[in-house]
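The following note sets out points for a colleague who has the sequence and the model at hand.

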Amino acid sequence: MGSLKVTLCAGAALATALCAPAAYTYAADGGGVSVSPSSPAPGTDVTLRVPDCTEKTAVAVSAAFESDVRLSLAAEDGVLVGSSRVRTSVRAGAYAVQVKCGEQARQGTITVHDERRPTAPSSPVAPVDAGGGGTAELAASGTGTGARVDAPGTAHTVTGLVLAGIAAVAVALRGVRSRSRRTD
């Protein structure tokens, strides 16, 4: 069993190391602009990363984005990061991404894929008219002879408290009895 666990862990580590860079799409010209997720659909939020920029802020522009993307330093490693949303009206295809980083102008590409979205939501957004079976007539307000109109009153509350008290006494007596049997 030990060697099987080691083999599985090593395989998982190798898969993680090989697949992690695939989460970003780098510009074809080597400009260093990366987009995550790699192939967004219209309406998807995306994150841009620009490494090795001499400035602390920059702006990325693309016809695929709803607005210009403001990039700022994420950490001390010099990587500029920013987020935007792909326009919902954009068509599938490749779009240029331009980033002005100080004196340098970097270009990249974002490839938008047209994913057909379902027209109806996958889960109900309103109550489902599923019927009530044999209790439908009683549950409907104002119909049926057995439907309760008033909330439980004082009599119901007193009955509930008496029953709860009897149950508590029964449990206490049973606990005393079981302790006395153990000591005998």
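Throughout this note, a contact, or touch, means heavy atoms within 4.5 Å.

1. Basis of the note. This is a predicted model, in which local features need pLDDT of at least 70 and side-chain atom pairs count only at pLDDT 80 or more, while totals for chains, interfaces and linings use all residues. Residues are numbered from 1 along each chain as its sequence is written, and side-chain values use heavy atoms, with hydrogens and water left out.

2. Overall layout. The protein has three helices and eight strands, in the order α-β-β-β-β-β-β-β-β-α-α from the N terminus. Helices (H or I, at least four residues) and strands (E, at least two) are DSSP runs, numbered from the N terminus. Of the contacts with a separation of 6 or more, 48% are between residues 24 or more positions apart.

3. Burial and surface. Buried residues make up 19% of the 184 residues. Here buried means under 20% relative accessible area, exposed over 50%, and partly exposed in between (1.4 Å probe, protein chains only). The protein exposes about 13400 Å², of which carbon and sulfur atoms supply 57%; accessible areas come from the Shrake-Rupley method with a 1.4 Å probe, and for residues only the protein chains shown count as cover.

4. The nonpolar core. The largest nonpolar core has 21 residues, and those with the most contacts inside it are Leu48, Leu71, Val97, Val99 and Ile110. Two or more residues each come from β3, β4 (57–61), β5 (69–73), β7 (93–101) and β8 (104–112), and β7 gives the most, with four. Such a core is a set of buried Ala, Val, Leu, Ile, Met, Phe, Trp, Tyr and Cys residues joined through side-chain atoms within 4.5 Å. In soluble globular proteins, nonpolar side chains tend to be buried together.

5. Ile110 and Phe65. Leaving aside residues up to four places away in sequence, isoleucine 110 touches a set of residues that includes Val35, Val46, Phe65, Val86 and Val97. Phenylalanine 65 is placed in the loop between β4 and β5. Is this residue, phenylalanine 65, buried or exposed? Phenylalanine 65 counts as buried because its relative accessibility is 3%. Under the exclusion of residues up to four places away, phenylalanine 65 touches Val46, Leu48, Ser84, Arg85, Arg87, Val97 and Ile110. From phenylalanine 65 to serine 84 the C-alpha to C-alpha distance is 6.6 Å, although they are 19 residues apart in sequence.

6. Strand pairing around β3. Two strands pair if DSSP finds at least two bridges between them. β2 and β3 run antiparallel and are joined by three bridges, with valine 35 having leucine 48 as its bridge partner in β3. β3 also pairs in the antiparallel sense with β6 (residues 80–85), over six bridges; the bridge partner of valine 50 in β6 is leucine 80. β6 and β5 pair in the antiparallel sense as well, over two bridges.

7. The salt bridge. How many salt bridges does a search of the whole structure find? One is found, the criterion being a side-chain nitrogen of Lys or Arg within 4 Å of a carboxyl oxygen of Asp or Glu. The side chains of arginine 85 and aspartate 45 meet in a salt bridge (2.7 Å, N to O); the pair links distant parts of the chain, arginine 85 in β6 and aspartate 45 in β3, 40 residues apart. Arginine 85 counts as partly exposed because its relative accessibility is 34%, and aspartate 45 is partly exposed at 47%.

8. The cis peptide bond. Serine 36 and proline 37 are joined by a cis peptide bond, with omega about 5°. Proline 37 is placed in the loop between β2 (34–36) and β3 (45–50).

9. A nonpolar surface patch. Val158, Val162, Leu163 and Ile166 form a nonpolar patch on the surface, with about 380 Å² of accessible area together. Patches are made of residues with over 30% relative accessible area and no salt bridge; like charges are joined within 9 Å, and nonpolar side chains (Val, Leu, Ile, Met, Phe, Trp, Tyr) within 5 Å. Isoleucine 166 lies in helix α3 (residues 154–183) and is exposed, with a relative accessible area of 52%.
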